[in-house]
Amino acid sequence: KAHSDPPRPPPSAMATDNKYDRQIRLWGPVGQRRLGTSSVLLVGTSASGTETAKNLVLPGVGALEILDDAPLPAAQSANFFLPASNSSSICAASAACSSLAELNSDVACSFRRVDDLARLGDEEWAAALAGKSLAVGADLPLATLRALSRSCAAEGVPLVAVRAYGLIGYVRIQTAGAHDVVETRREGFHPDLRVRDPFPELRAMAGAVDWDDRGMDAAEHAHVPFVLILVEALRRWRKERTDEAVPRTAAEKKELREVVRSLSFDISKEMNFTEALERVHLCWMPREDLVDFETRALLDSLPPSDPPGAPPEARLLRALRRFAEEHRGYPPLAGTVPDMTSTTERYVALQAAYRARAGEDAEAMRALLPAGAAGGGGLRTFCKKCRVVRRVATRAAG
């Protein structure tokens, strides 16, 4: 048969679907969407300034405006983004804009040359910052940086000040008021699997396993997920106690471990039961420990009502506090399942159960928010990451 190449997608589809694939794996579609809708003001076309702009243009920032007062010959030293020129009529902002625009056609690049940055007043700075999501001040004189910092604080625009001295330098971040970091990407935190208080679907999955059938296939028995083992072990341990009881003393915790061992055919050959013993502490871990202690302190410190102009994260945090109060201290379920020894069928079913429950918790969170306070994507992301939230606040350089 004659061979023909498959039709290539149109350029627009390639730019949106494939171009940013690697970075979306790092910060997710919500982060990419925020980046793509952001507008950045770069003040100063020094080498560190244009390098910073390059690192925003390549991943796809929505718009970049460059503001500077330097002619091209004065700014081109050691700056690979500025072409060599002896003409003082060409401004560095124009040359930098042209070079940066070539890196990514998705980014709207523009420039504006002023006579003297040091003479800009508050109104001029406010006009330059209008509609901007971020300002970057690069190697600015201290007086100019202070004026920019004061205007950013007044206009509610975050500021990143960068300065390079050869191989060393500094970066200073100025937030627009209190900034809540939701996607902290903390590693090694306890998984939220609700073993202590299993939801009905999880309890049903554990009950569907015939634990007392010694004729069960050994391979199948060795691939029962450890989550179901712990749910069943805790249920049996509670038979002579209350449904809410959890092991508290060393003797009670030892009893629960023995129940886990009793469910095994041969624990030396069943990795899933070893995993259950390694994570048996999930059966007695306090519910409040599912939320990071700094996040709990932040929730406890929230004012009675949001101040005017509060960011969406503030309303989400207030809803999170109410959700925990109404759900015995539990946060919304993240819906993620860690790797474990299991058959593919059981693992997929387990994932589906957790995701469905996480969706229900997200809808319960939505009901606690004012109408239109959070979109679906932002709310789901918050529910997945809300166990570790950090609030950062800085002061203006001016």
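Predicted model: local features only at pLDDT ≥ 70, side-chain atom pairs only at ≥ 80, totals over all residues.

Mentor: One term first: buried means under 20% relative accessible area, exposed over 50%, partly exposed in between (1.4 Å probe, protein chains only).
Trainee: And where does Arg 328 fall?
Mentor: Arg 328 is partly exposed, because its relative accessibility is 45%. Its loop runs between helix H14 (312-326) and H15. Helices (H or I, at least four residues) and strands (E, at least two) are DSSP runs, numbered from the N terminus.
Trainee: What's its phi like?
Mentor: Positive, about 55 degrees, although Arg 328 is not a glycine. Asp 139 is not a glycine either, and its phi is positive at about 50 degrees.
Trainee: Where does Asp 139 lie?
Mentor: In the loop between E4 and H7. Asp 139 counts as partly exposed, because its relative accessibility is 23%.
Trainee: Now the overview. How many helices and strands are there in the protein chain?
Mentor: The chain has 16 helices and eight strands. Of its 398 residues, 44% are buried.
Trainee: What about contacts across the chain?
Mentor: Contact means heavy atoms within 4.5 Å. Take the contacts between residues at least 6 apart in sequence: 67% of them join residues at least 24 apart.
Trainee: Let's look at strand E1. How many of its residues are buried?
Mentor: Five of the five residues in E1 (residues 39-43) are buried, so the strand is largely enclosed by the rest of the structure.
Trainee: Which way do they point from E1?
Mentor: Ser 39, Leu 41 and Val 43 point one way. Val 40 and Leu 42 point the other way.
Trainee: And what does E1 pair with?
Mentor: Strands pair if DSSP finds at least two bridges between them. E1 pairs with strand E2 (residues 63-68) in the parallel sense, over five bridges.
Trainee: Switching topic. How many aromatic pairs does the structure hold?
Mentor: One. Phe 199 and Tyr 354 have ring centres 5.4 Å apart and planes at 85 degrees, so the pair is edge-to-face. The test: rings of Phe, Tyr and Trp (its six-membered ring) pair if their centres lie within 6.5 Å; planes under 30 degrees apart are stacked, over 60 edge-to-face and the rest tilted.
Trainee: Which parts of the chain does the pair link?
Mentor: Distant ones: Phe 199 and Tyr 354 are 155 residues apart. Phe 199 sits in the loop between strand E7 (179-181) and helix H8 (200-207). Tyr 354 belongs to helix H15 (residues 344-367).
Trainee: Phe 199 and Tyr 354, buried or exposed?
Mentor: Phe 199 is buried, and Tyr 354 is too.
Trainee: Next, the largest nonpolar core. Which residues touch the most other members?
Mentor: Val 227 and Tyr 354, in a core of 42 residues. Such a core is a set of buried Ala, Val, Leu, Ile, Met, Phe, Trp, Tyr and Cys residues joined through side-chain atoms within 4.5 Å.
Trainee: Which elements give two or more residues to this core?
Mentor: H8, helix H10 (226-237), helix H11 (250-262), helix H12 (271-278) and H15. H10 gives the most, nine residues.
Trainee: What does Val 227 touch?
Mentor: Leu 193, Val 195, Leu 202, Met 340, Leu 350 and Tyr 354, leaving out residues up to four places away in sequence. Another core, of 20 residues, lies apart from the largest one. Its members include Leu 35, Val 57, Ala 138 and Val 162.
Trainee: Last two. Where is Thr 144?
Mentor: In helix H7 (residues 142-155). Thr 144 is buried, because its relative accessibility is 4%. Not counting residues up to four places away in sequence, it touches Leu 117, Ala 118 and Trp 125.
Trainee: And where is Asp 289 found?
Mentor: Asp 289 is in the loop between H12 and helix H13 (293-300). It is partly exposed, at 30% relative accessible area. Its contacts, again without residues up to four places away in sequence, are Phe 189, His 190 and Arg 296. Its C-alpha atom is 10.0 Å from that of Asp 192, 97 residues away along the chain.

How values were computed
Residues numbered from 1 in each chain as written. Heavy atoms only, no water.
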